[in-house]
Amino acid sequence: MIPARLRLALVALTLCAVAAVLGATLASRAGNANESSGLELSKDGWAGAIRPPGQTVPTFSLKDQDGKTVTNEDLKGQPVVFAFVYSTCEDTCPAQVQTIKGAIDDAERKDVRVVGISVDPVNDNPKRAASFLLKQGMTGRMEFLLGTREELEPVWDAFAIQPQQDNLEHSAHTILADANGAQRIGFPYDFMTQEALAHDLGRL
């Protein structure tokens, strides 16, 4: 007869072995789920890059394409997608906005506001901004905020954005802010997909 202590030890070893197999199976399934979705998530579960703690949406008061004043306080209470674009852009900006449009359509939550911030104040004006939104199918779904360089520079600096220059392309970043006005997630243009953006919007 097997001693009681030995029996207990064997039972404990068997349970450990079963737990290890089960844990490996669940981990494998989780990994396969992420692979099948095409998303590479951080350990915190985000698809985009986590912004440094303490970064907030800066204080601003700018006019949109229709001449309506929009402030940072107006944006609180719901998630906001910030896109840094210019109205005469023909490549990255339209592609960026179309990705955002698709992500908003796919996201589980629909209370998301989309705000474009001009990075080319010399050439952006209300007429061009409105035309840009119309071409992208974003009239009524996105606000295009305009201003002078002096008005926009503090906003660019707060989001770490390089504006458009003749010899240097602007930072085509998309940044997600939460309902409290905190910058949460950033997507460089080359790494943003519709699926990744929709995923992170669903988590905000």
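Tutor: The questions below concern a predicted model.

Student: What share of the residues score a pLDDT of at least 70?

Tutor: The average pLDDT of the chain is 84. Residues 1–36 have a pLDDT below 50, and beyond near neighbours in sequence this stretch has four contacts in the model. Across the chain, the share of residues that score at least 70 is 81%.

Student: How many helices and how many strands does the chain have?

Tutor: From the N terminus on, the elements run α-β-β-β-β-α-β-α-β-α-β-β-α. The secondary structure therefore comes to five helices and eight strands.

Student: Is the pair of Phe82 and Phe159 stacked, edge-to-face or tilted?

Tutor: The ring centres of Phe82 and Phe159 are 5.0 Å apart, with 45 degrees between the planes. Planes under 30 degrees apart count as stacked and over 60 as edge-to-face, so this pair falls under the remaining class, tilted.

Student: Why does that pair tie together parts that are apart in sequence?

Tutor: Phe82 lies in strand S4 (residues 80–85), while Phe159 lies in helix H4 (residues 149–159). Both residues are buried. Because they belong to these two elements, their pairing ties together parts whose separation in sequence is 77 residues.

Student: What is the geometry of the pair formed by Phe132 and Phe144?

Tutor: Phe132 is in helix H3 (residues 126–135) and Phe144 is in strand S6 (residues 142–145), twelve residues apart. Phe132 is buried, with a relative accessible area of 3%, and Phe144 is buried at 0%. Their centres are 5.8 Å apart with 85 degrees between the planes, and the pair is edge-to-face.

Student: Which charged residue sits over the ring of Trp46?

Tutor: The charged end in question is 4.4 Å from the centre of the Trp46 ring. The residue that carries this charge is Arg203.

Student: How many disulfides does a search of the whole structure find?

Tutor: A disulfide is a covalent bond between the sulfur atoms of two cysteines. Cys89 is buried, with a relative accessible area of 5%, and Cys93 is buried at 0%. For the whole structure, the number of disulfides found is zero.

Student: Which residues does the UniProt annotation "binding site" cover, and what is the largest C-alpha distance among them?

Tutor: The annotation, from an unreviewed entry, covers Cys89, Cys93 and His170. They are spread over 82 residues of sequence but cluster in space, with a largest C-alpha distance of 10.5 Å.

Student: Leaving aside neighbours within four places in sequence, which residues are in contact with Cys93?

Tutor: Cys89 is in the loop between S4 and helix H2 (92–106), whereas Cys93 lies in helix H2. With neighbours within four places left aside, Cys89 is in contact with Pro94 and Phe132. On that basis, the contacts of Cys93 are Val85, Tyr86, Phe132 and His170.

How values were computed:
Residues numbered from 1 in each chain as written. Predicted model: local features only at pLDDT ≥ 70, side-chain atom pairs only at ≥ 80, totals over all residues. Heavy atoms only, no water. Phe/Tyr/Trp six-rings, centres within 6.5 Å; stacked < 30°, edge-to-face > 60°. Helix = DSSP H or I, 4+ residues; strand = E, 2+ residues; numbered from the N terminus. Buried < 20%, exposed > 50% of the residue type's maximum accessible area, 1.4 Å probe, protein only. Lys NZ or Arg CZ within 6 Å of the ring centre and 35° of its normal. Disulfide = S-S within 2.5 Å. pLDDT = per-residue confidence, 0-100. Contact = heavy atoms within 4.5 Å. UniProt positions renumbered as here; feature names shortened; annotations may be inferred.
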